[in-house]
Amino acid sequence: MSAAAVSTAVLAGCGTQHADRRQDAGPGTTTVAASTPSTASPSATPLATATDTASPSAPASASPTTTASPGAPQSPSAGAGKSGKVTPNAQPGTAAKADGNPPAGVPTQPPVVKPVIAAPVPTAKPGPVAPPPPPAPPTPHVPPLQSGCQPTKPRPDEPKEAVAAALTAAAGQSRTLKLGNGGTDRLPPLPVSLVKAIAWQESGWQSGILACDGGIGTMQVMPNTISWMNGKYGTTSDATTLTGNVQLGTQLLDWLVAYYGDSSFGGGYDLSPDPATGKTPLLDLVISAYNAGAGNVHYNAVTDPATGQVVGSLVIPNPGYVANVKALMSGQPWNKAG
């Protein structure tokens, strides 16, 4: 037999042996089970429904969705097939076990331990602070669009363009709040998106609406809030007019920023996310208290029993309301509404 014929026969035999290993293994052979990565499909999870007492007639919100990160690692499937294929993640010269764990002696990367970031501890403002709120109402205000009671329309609605302009103008004001000790406190302008989202959640920007529990107009100002806010800011706003109603509502938001900022955040009035935690504790407190009353919403210092660390803890009685207002701030459905 010639040398060329011998080489051909040897190569043919090797090919037959490899082909046999890719098929069902015979007695005395060993197969390598592979872990097949599963493909993670993006999930869409809305933040929240309108409120804790939302009805189908509540104003629609553009709730953001959560999607899988493009670089996120995919989790392997629960059961590996008996295919005999080598896992694509295996290092050269090694083979994965059937249970998905690497064989003994193969180095593995230790898990990355993320540091625990605690919420900031409440710290009262050292100087004059905003006075405490009046007693909380026996029941939180229910926006008319989330109430089972049919609201009335004692006045016609102003055009949406006029409402938007009034909200923007009121949010941009830098107000001076009268403190309990006779001093004053200068407050920064409010985020326009916050003011518009509160108004959209409360009334759908209907300026002429009257709720069954007494909430008036665009910002759903309660009757006892009128004299309270006019006294704190030295104004004479009328809740039955668009300008006066929006003034009173934004004055209340400003007062809430001052009250919680002074009592729990050392006099800081920043509503943006905390750079360390990404959370918005002051914003959450202000939104919650606008609906539930400041007497029912608190930011306390608590001790973590596991670590003994003192951290801040929010007492929010209406988390659905807070979540929906924040979703409205992000989605801004008034830009899409007719």
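Which loop holds W205? W205 is found in the loop between α3 (192-203) and α4. We return to that loop below.

**Before you select anything**

This is a predicted model, with residues numbered from 1 along each chain as its sequence is written. Local features need pLDDT of at least 70 and side-chain atom pairs count only at pLDDT 80 or more, while totals for chains, interfaces and linings use all residues; side-chain values use heavy atoms, with hydrogens and water left out.

**Stop 1: the whole chain**

Colour by pLDDT (the predictor's confidence in each residue, from 0 to 100). The protein chain averages 74, and 65% of the residues score at least 70. Now select residues 1-98. There pLDDT stays under 50. The model has 97 contacts for this stretch beyond four places in sequence, where contact means heavy atoms within 4.5 Å. Where pLDDT is low, the predicted coordinates should not be read in detail.

Switch to cartoon. The protein chain has seven helices and four strands. Helices (H or I, at least four residues) and strands (E, at least two) are DSSP runs, numbered from the N terminus. Along the sequence, the pattern reads α-α-β-β-α-α-α-α-β-β-α. Of the 338 residues in the protein chain, 34% are buried. Buried means under 20% relative accessible area, exposed over 50%, and partly exposed in between (1.4 Å probe, protein chains only). Take contacts between residues at least 6 apart in sequence: 69% of them join residues at least 24 apart.

**Stop 2: α2 against α5**

Select helix α2 (residues 160-171) and α5 (242-264). They pack at an angle of about 40°, with their axes 9 Å apart. Axes are lines fitted to C-alpha atoms, for helices over the stretch in contact, and angles run from 0 to 180 degrees between N-to-C directions. α2 and α5 are therefore oblique to each other. Angles under 35 degrees count as roughly parallel, over 145 as roughly antiparallel, 65 to 115 as roughly perpendicular and the rest as oblique.

α2 passes α5 in a right-handed crossing. A crossing is right-handed if the near helix is turned clockwise from the far one by less than a right angle, and left-handed if anticlockwise. Show side chains next. From α2, A162, V163, A166, L167, A170 and A171 meet L242, V246, Q247 and T250 of α5. The residues of this contact divide into eight nonpolar, two polar and no charged. Ala, Val, Leu, Ile, Met, Phe, Trp, Tyr, Cys and Pro count as nonpolar; Asp, Glu, Lys and Arg as charged; the others, Gly among them, as polar.

**Stop 3: α5 against α6**

On the α5 side, pick G249, L252, L253, L256, V257, Y260 and G261; they meet L282, L285, V286, A289 and Y290 in α6. By class, the contact has ten nonpolar, two polar and no charged residues.

**Stop 4: α6 against α7**

α6 contributes L283, D284, I287, S288, Y290 and N291 to the contact, and α7 contributes Y321, V322, V325, K326 and M329. By class, there are seven nonpolar, two polar and two charged residues.

**Stop 5: the loop between α3 and α4**

Go back to W205. W205 is buried, with a relative accessible area of 3%. Its phi is positive, about 65°, although W205 is not a glycine. Q220 lies in the loop between α3 and α4 too. At 3% relative accessibility, Q220 counts as buried. Phi of Q220 is near 50°, again positive in a residue other than glycine. Most residues other than glycine have a negative phi.

**Stop 6: S237**

Move to the loop between α4 (223-233) and α5, where S237 lies. Is S237 buried or exposed? At 15% relative accessibility, S237 counts as buried. Not counting residues up to four places away in sequence, S237 touches I226, N230, G244, Q247, L248 and Q251.

**Stop 7: N300**

Finish on strand β3 (residues 298-303), which holds N300. At 35% relative accessibility, N300 counts as partly exposed. Leaving aside neighbours within four places in sequence, N300 is in contact with P122, V311, G312, S313 and V315. Then select V121. The C-alpha atoms of N300 and V121 are separated by 8.1 Å, and the two residues are 179 apart along the chain.
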